[in-house]
Amino acid sequence: LTLDWHRFGGDLIEAIDWLVDHADSRGLLEYDLIIDATRSRGGSLGAYAIQRLSSRPFKTTFGNLRISDVIEPFVQGRREAFSRREILDSGIPETIDDGTWLLDWLETDVLAALDAGEAYSSTVPFKSAHAPKDSDGVLEPAPVHFRGALVVLLGPAGGSHLDQFAAIVADNDLGTIIGMPAGGYSNTWEWDEVLQFRSGRPVVRFMWNIGHTVRPNGEVLEGNPASVDEYIPLTRDNHLEYHDGLMLRAMELLGRE
């Protein structure tokens, strides 16, 4: 089965649940999977998908926050979002629970790090999206999941949460990645600020990175994307056939050429 992966968007949970139910009802869960993420964008909750696309336990990504003067308003913003039941990132749900795990970490560990003058907060499972702050980050497969081999196709265009998805697959040896590494620009959260002239006239809205994503292998992800198992570069000579070439190579690796 080939999945043309577009984004880790707001309908991810609904879409993955539908896919698993569809495959289960038709006896497809033993099939091998090719995930074509060459044109994918970012988002959230990739670990939820992996729990249903792979048959092995895995360690998820972690993350922290850089302690600065934006922490208090940042936490307050999350408190207000929690009260509205809107723990979202660009309109995409950040957590699989109601946000309790995330708010608990922000109001304890993060504010304690601010009071103590620390440079960074504690590092916890990414946004506490799938596990609370004291978890080791190891997630088990969902009760119903795909059980075949996994091949992921990557190109140079994607990044952000796609970086995390690739890192989870690579660092946990869940499958084979071919193509080119993702962009290596995943972080935890951002802080938007309008930069102004001295007169007060606005110039541009600037987005600051205010936290590190940490790969399952313990390395900071920014500027350090997961390596591919088989490097197939996109060039001016092969760009018209690049995608077809990746698909053919994936089929060869699965013994289906």
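Of the 257 residues in the protein, 46% are buried, where buried denotes a relative accessible area under 20%, exposed one over 50% and partly exposed the range in between (1.4 Å probe, protein chains only). The structure is a predicted model, in which local features need pLDDT of at least 70 and side-chain atom pairs count only at pLDDT 80 or more, whereas totals for chains, interfaces and linings use all residues. Residues are numbered from 1 along each chain as its sequence is written, and side-chain values use heavy atoms, with hydrogens and water left out.

Along the principal axes, the C-alpha atoms fill a box of roughly 60 × 45 × 30 Å.

The protein contains six helices and 14 strands, defined as DSSP runs numbered from the N terminus (helices: H or I, at least four residues; strands: E, at least two). Among contacts (heavy atoms within 4.5 Å) between residues at least 6 apart in sequence, 76% join residues at least 24 apart.

Helix H2 is largely enclosed by the rest of the structure, because eight of its eight residues are buried. The cover over the buried residues of H2 includes strand E1 (2–4), helix H1 (12–25), strand E2 (33–36), strand E3 (58–59), strand E8 (138–139) and H5. Helices H2 (residues 46–53) and H5 (residues 161–171) pack at an angle of about 35 degrees with their axes 10 Å apart, where axes are lines fitted to C-alpha atoms, for helices over the stretch in contact, and angles run from 0 to 180 degrees between N-to-C directions. In this packing, Gly46, Ala47 and Ile50 of H2 meet His161, Phe165, Ile168 and Val169 of H5.

Tyr242 lies in helix H6 (residues 242–253) and is buried, with a relative accessible area of 8%. Not counting residues up to four places away in sequence, Tyr242 touches Leu154, Gly155, Gly179, Met180, Ile232, Pro233 and Leu234. The C-alpha atoms of Tyr242 and Gly155 are separated by 9.3 Å, although these residues are 87 residues apart along the chain.
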